Amino acid sequence: MKGYKRILFLFAVITTVIIILSRCMSVGSQLPKDIRGENYTGAATCIKCHVALSQSFAHNPHGLTSKPVNNQDLSRVFEPDSNTFSFNAHMRVVIEKRNKGIYQVAYENGKETHAERFDIQFGSGEKAFTYGYWKGKKLMELPLSYFTSINNWANSPSFPLDKIYYGRAITSRCFECHGSYVEKKTVQKSALALDEEMEKRSLIYGIDCERCHGPGKQHVVFHMENPKEKTAKFITIYKTLSRKQKMDACGVCHSGNDVLPQRSVFGFQPGDDLNAYYIRDFVSFGGANPDVHGNQTAMLTGSKCYQKSETMTCQSCHNTHESIKSSVQLYSQRCINCHKTTTHSALTLAKGILKDNCIDCHMPKQPSKLISFQKAGQNQVSPYLLRSHHIGIYPVK
Ligand code: HEC
Ligand code: HEC
Ligand code: HEC
Ligand code: HEC
Ligand code: HEC
Ligand code: HEC
Ligand code: HEC
């Protein structure tokens with residue numbers, strides 16, 4: 001009888017321990033690991049509860065802004081009859097399918113001089129694609145980029161016009177705006193030169209959920225354990241952020257490339273103060289001459305709509321989870337939200353139905369001062385056009 005009781009007691013203890021352990025281990029430990037750390041869980045986990053949103057995100061420019069090259073996608077980009085880019089009569093780059101992938105092959109006077117494979121794609125193709133190839137632990141830019149405005153290849157931006165160049169590094173800084181994570185190491189190349197190496201396997205391509213929303217593991221664990229709770233917990237609620245915090249959450253990637261990074265912005269979370277990450281050039285920031293490429297923050301904060309209203313942020317016009325791309329009519333509705341009535345001269349009114357398109361007059365497309373590109377066989381460059389986020393009164397054409 002004693003022995004029987006002892007077994008029963010032992011059994012009870014073991015069961016309790018198993019129950020306790022399995023509760024502790026349960027949700028949290030079953031979630032996939034993420035290289036960014038304990039508090040992250042990866043976009044695949046978010047899909048479980050945010051199905052529709054995750055599906056639409058698969059086609060979103062943020063999500064697609066960097067990825068490994070898929071040969072089928074690439075074949076769709078270039079037609080077999082437009083796979084050559086001639087710099088001049090002697091120099092050309094040909095896009096060729098070979099055994100191990102698709103390559104950009106340089107020919108000078110008919111002889112092959114260099115060939116590198118398409119490994120990584122930058123850009124969702126809204127305006128352009130730029131490509132990188134791995135050279136050991138360094139990522140290098142390929143000589144040709146693809147520009148949607150001409151539906152064709154062109155010499156990569158800022159590349160020399162008189163030679164076929166394979167020597168420009170794509171650094172981890174590109175991934176800080178076009179990706180979610182990469183592990184990097186600084187190596188001493190020579191007494192004076194430092195170089196950067198990146199760990200290919202650590203790369204998280206595209207801008208994922210936790211890049212914008214911050215680490216989400218605790219949020220997931222809570223909602224898996226409390227399926228009846230319909231209010232979000234342990235995740236930053238955008239609506240509760242201050243105006244500056246909202247601007248910073250986009251400005252981390254949309255305030256231009258002339259900032260002085262103080263530390264990696266991979267760790268930036270909504271709510272953080274961007275000034276702790278960047279020293280922004282005060283001459284160009286908000287002032288003198290920001291560029292239409294990449295610096296929507298300075299352009300916008302320089303305009304009257306921003307300065308004279310207390311609420312305008314990027315979200316006044318953009319919801320990153322909704323695609324109203326190219327619909328000037330829907331965007332114009334955003335203007336009308338604040339401008340119920342306007343005073344336009346008879347001359348302006350004669351140009352057509354104003355309410356359908358405030359955008360082309362007040363946010364005209366302008367050429368970037370930083371990016372332009374060279375078309376085949378031409379010495380002059382073509383402009384790279386973007387919307388001016390300096391909302392204002394421009395000469396009407
Ligand atoms: C177990 C289910 C579950 C998972 C998995 C989950 N969430 Fe949520 N999430 C919720 C619930 C419930 C809400 C509250 C209702 C709503 O807004 O949809 C919510 C709301 C949110 C909100 C809105 C906050 C606001 O502004 O109101 C964000 C952002 C969010 N989740 C991000 C994420 C991210 C990022 C992931 C992946 C790391 C994730 N969620 C995974 C259940 C989940
Ligand atoms: C981690 C960097 C990063 C953050 C944070 C970020 N963006 Fe972007 N955004 C980009 C990049 C890179 C692109 C270009 C995507 C492509 O390849 O087409 C882009 C493109 C866009 C576009 C044009 C494409 C489209 O979806 O119509 C809009 C609008 C935009 N961002 C708005 C925002 C807003 C608003 C926020 C803040 C809520 C924000 N972004 C936060 C990096 C970022
Ligand atoms: C400070 C953030 C930032 C950095 C750093 C950055 N970009 Fe961008 N990039 C953007 C934003 C924002 C856009 C889209 C809007 C724009 O052009 O203003 C963009 C657009 C692009 C596009 C066009 C995307 C499309 O779909 O039209 C390409 C290609 C690109 N960048 C490549 C690169 C490469 C390669 C590097 C590194 C050499 C780099 N970028 C560094 C923020 C950045
Ligand atoms: C480029 C930045 C960015 C990325 C990437 C992003 N979000 Fe968001 N998300 C936002 C912003 C900004 C808001 C607030 C929208 C608003 O209030 O206008 C938001 C709102 C939400 C909301 C609540 C409101 C809604 O629109 O339903 C949920 C849930 C959410 N995001 C989940 C996700 C998930 C899941 C992913 C990945 C598939 C993701 N987000 C990727 C910026 C982003
Ligand atoms: C969040 C509210 C808000 C939104 C959204 C908004 N504006 Fe404004 N806008 C203002 C305010 C406030 C002023 C200043 C009015 C004043 O000076 O009395 C202003 C001023 C202007 C001016 C005069 C600029 C100048 O330099 O004199 C123009 C033009 C204008 N807005 C056009 C637009 C257009 C076009 C859109 C949409 C793309 C838009 N606004 C969206 C609030 C807004
Ligand atoms: C008053 C409305 C308004 C506000 C506020 C606004 N945008 Fe835009 N944005 C637009 C319009 C309109 C377009 C053009 C859309 C199109 O042509 O499809 C655009 C386009 C873009 C693009 C695509 C690049 C291009 O030039 O086509 C990016 C990136 C972008 N916005 C980022 C931002 C960021 C970041 C903020 C906040 C700093 C912001 N926007 C605030 C109206 C606005
Ligand atoms: C054909 C070009 C054009 C279109 C379309 C247009 N505007 Fe204007 N807007 C102008 C010009 C030019 C001025 C300066 C006054 C004038 O000459 O009519 C102006 C002035 C303004 C002003 C400052 C005067 C005021 O009313 O306070 C605002 C605000 C404004 N526009 C908003 C809008 C909005 C909102 C829309 C869309 C519903 C729009 N505009 C459509 C060209 C245009």
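Visitor: Which of the 21 residues around ligand 2 come nearest to it?

Guide: In this predicted model, the residues that come nearest to ligand 2, out of the 21 around it, are His62, Ser124, Cys250, Cys253 and His254.

Visitor: Which polar side-chain atoms lie beside a nitrogen atom of ligand 2, and at what distance?

Guide: A polar contact is read from a pair of N or O atoms within 3.5 Å. Here a polar side-chain atom of His62 lies 2.8 Å from a nitrogen atom of ligand 2, and a polar side-chain atom of His254 lies 2.9 Å from a nitrogen atom of that ligand. An oxygen atom of ligand 2 is also 2.7 Å from an N or O atom in the side chain of Thr65.

Visitor: Which elements give two or more residues to the shell around ligand 2?

Guide: They are helix 5 (172–178), helix 6 (209–213) and helix 8 (243–254), and helix 8 gives the largest share, 5 residues. By class, the shell holds 9 nonpolar, 9 polar and 3 charged residues.

Visitor: What is the protein donor of the iron atom of ligand 3?

Guide: The only protein donor of that iron atom is His178, through NE2, at 2.1 Å, and His178 is found in helix 5.

Visitor: Is Leu192 buried or exposed, and why?

Guide: A residue counts as exposed when its relative accessible area is over 50%, so Leu192, at 84% relative accessibility, is exposed. Leu192 is found in the loop between strand 12 (179–188) and strand 13 (194–205). From C-alpha to C-alpha, Leu192 and His318 are 45 Å apart in space, and they are 126 residues apart in sequence.

Notes:
Residues are numbered from 1 along each chain as its sequence is written. Chains are lettered from A and ligands numbered from 1 in the order in which they are written. This is a predicted model: local features need pLDDT of at least 70, side-chain atom pairs count only at pLDDT 80 or more; totals for chains, interfaces and linings use all residues. Side-chain values use heavy atoms; hydrogens and water are left out. A residue is near a molecule or strand if one of its heavy atoms lies within 4 Å of it. A polar contact is a pair of N or O atoms within 3.5 Å; within protein, one must be able to donate a hydrogen and the other to accept it, and residues adjacent in sequence count only if both atoms are side-chain atoms. Helices (H or I, at least four residues) and strands (E, at least two) are DSSP runs, numbered from the N terminus. Ala, Val, Leu, Ile, Met, Phe, Trp, Tyr, Cys and Pro count as nonpolar, Asp, Glu, Lys and Arg as charged, and the others, Gly among them, as polar. Donors are N, O and S atoms within 2.8 Å of the metal (3.2 Å for Na, K and Ca); water is not among the atoms, so sites may look incomplete. Buried means under 20% relative accessible area, exposed over 50%, partly exposed in between (1.4 Å probe, protein chains only).
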